[in-house]
Every structure is written in structure tokens, then in C-alpha cells.
Amino acid sequence: MREYDVNEPLFSLHIAKTGGTTLYTLLPLWFPPGHILYHYPRRNGLPPRRYEVGPGDIVHGHFVNGNDTDLFRFYPDARQCIAFVRDPFERLVSHYFQDKKEALRRGREPTFPTFECFYETTVAHIRREPVMSGLNFLPRHFTLDNFRSEIDRLFVHLGLFESFAESLAALLRKLEAARVDYDSIDQRLPKLRSTESTETIAPEFRERYEAEPAFELERQIWAYARELHAHEHYALTTPI
């Protein structure tokens with residue numbers, strides 16, 4: 001993977017349900033004022049703002065292929081990225097429970113009455129296009145043939161949700177190693193947000209997910225993130 005270059009802007013690709021909101025709260029502790037920019041839809045329904053980015057800037061948000069707010073459409077010269085990924089099946093489960101939680105909060109019926117209904121609808125969408133998968137937030141040119149080389153070329157850090165605190169600490173070390181112009185980056189880590197499960201998901205759905213070709217690329221990217229995390233953790237814990 002590439003080393004962080006403080007002389008280039010950094011792009012933080014927030015994949016839904018992977019801890020991006022927690023990372024959002026950390027950025028003001030890690031980057032100086034004026035260098036944190038956000039890529040989320042504006043309240044008036046307009047797409048995210050396009051910034052003139054420069055050295056030391058970070059742009060964090062949902063870079064979404066499905067609505068043409070993706071990374072290279074907005075920033076064609078982007079050269080360094082970070083992102084966190086998660087077991088794609090667990091990410092789907094989290095989406096399901098989040099929908100139920102929001103429905104309860106708003107006093108309405110859930111969009112999907114059962115997980116089976118949610119899963120079937122989601123898989124049908126992903127088979128047509130990856131709008132409801134984590135791939136929707138990653139560079140759209142990733143394929144099974146090139147994703148490893150492209151991650152190595154573009155990414156400073158591909159974090160692992162399942163080891164979130166360790167992965168955040170590894171990211172922090174990469175950022176801090178390049179910082180020489182201000183005091184040490186604040187190392188406080190807030191509590192990770194999570195949506196509580198309100199029902200048990202039958203094991204058969206995990207089995208169906210494992211056999212579904214539409215998830216293969218996302219599965220492989222998550223597996224590569226685990227491989228990268230294991231390598232980084234080994235390097236940090238092995239005596240020289």
C-alpha cells in the first residue's frame with residue numbers, strides 16, 4: 001500500500017455501516033482546522049460540494065457510484081484514499097436492523113417486515129447493479145482481476161471493521177508518521193456506534209450469502225482487508 005503524503009489531499013471513503021460516523025468524529029482530533037472537508041448530500045437536496053483541495057486536506061464522506069457522486073467523478077486526480085470494510089453479510093444485517101430502528105423511531109412500519117424479505121430484495125438489486133453493496137462506495141473500476149493492485153496503488157489504509165480500534169490505531173500511526181508541522185495527533189477513540197439486533201438471523205441466510213456470486217468481489221475485498229490487517233498487526237507486535 002502507498003505511504004501517506006501530507007502534500008496531497010486524502011480521500012476517506014465512508015462505506016455505510018462500517019464505522020464511518022465514528023471516524024467522522026475523530027477527524028477534528030487528527031487534522032488541523034480548515035483541512036477537514038465533507039462529501040455528503042446537502043440539506044437542500046443538492047449533491048455534495050466539490051472543493052478545491054490542497055496539501056493536508058481530507059475529504060470524508062459517501063462517494064456513491066449509484067448517484068454519480070463517486071470519487072473520480074468529483075476528484076479525477078485523487079491519488080490516496082482510506083476506507084474501512086466489513087463482512088458484507090454482517091453489513092447487510094446491520095442495514096436491516098437500522099431500518100427497523102428508524103421505523104420504530106418514526107412510528108411507521110419497517111420497509112421490510114422480515115430479514116428474508118430484505119435479503120431477497122437486496123440480492124435482486126445487487127445482481128443488477130451494486131447499489132446496495134459496499135462496492136457502491138468504492139472506486140467503480142474495481143474488478144476481481146484488479147482490486148488488489150488498485151488497492152495497493154490508491155490506498156494508504158484499508159481498515160477492518162471487525163478490529164476497529166486496532167485498525168484505527170494503525171491508520172493513526174500512518175498519518176502521524178507524516179506529520180511534522182503540529183503537535184502529536186490526539187489518540188482518543190470514541191465508542192463505536194452500533195445497531196442492536198432485535199431478532200436472530202437464521203444460519204441459512206449466511207449460507208445463501210456465501211453461495212451468491214453477486215457478493216464475490218465484496219467478499220474478496222473484505223478478505224484482502226483482513227490479510228492486510230493481519231500483516232500490519234504482525235509487523236507491529238513482532239520484536240525486531
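Pro213 sits in the loop that links α7 (203–210) to α8 (216–237), in a model that is predicted. Helices here are DSSP runs of H or I with at least four residues, strands are runs of E with at least two, and both are numbered from the N terminus. With a relative accessible area of 63%, Pro213 is exposed; the term stands for values over 50%, while buried means under 20% and partly exposed lies in between, for a 1.4 Å probe and protein chains only. From C-alpha to C-alpha, Pro213 and Arg127 are 8.5 Å apart in space, although 86 residues separate them in sequence.

Residue numbers start from 1 in each chain and follow the sequence as written. Local features need pLDDT of at least 70 and side-chain atom pairs pLDDT 80 or more, whereas totals for chains, interfaces and linings use all residues, and side-chain values rest on heavy atoms, without hydrogens or water.

Stepping back to the whole protein, eight helices and five strands are found. Read from the N terminus, their order is β-α-β-β-α-β-α-α-α-β-α-α-α. Of the 240 residues, 46% count as buried. Contact means heavy atoms within 4.5 Å; among contacts between residues at least 6 apart in sequence, 73% join residues at least 24 apart.

Helix α3 (residues 88–106) packs against helix α4 (residues 115–128) at an angle of about 120 degrees, and their axes are 10 Å apart. The axes are lines fitted to C-alpha atoms, for helices over the stretch in contact, with angles between N-to-C directions running from 0 to 180 degrees. The pair α3 and α4 is therefore oblique, since angles under 35 degrees count as roughly parallel, over 145 as roughly antiparallel, 65 to 115 as roughly perpendicular and the rest as oblique. On the α3 side, Phe89, Leu92, Val93, His95 and Tyr96 take part, and they meet Phe115, Phe118 and Thr122 of α4. Six of the residues in this contact are nonpolar, two are polar and none is charged; Ala, Val, Leu, Ile, Met, Phe, Trp, Tyr, Cys and Pro count as nonpolar, Asp, Glu, Lys and Arg as charged, and the others, Gly among them, as polar.

The loop between α4 and α5 (147–154) holds Asn136. Asn136 is buried, at a relative accessible area of 5%. Beyond its neighbours within four places in sequence, Asn136 touches Phe63, Val64, Asn65, Gly66, Pro130 and Val131.
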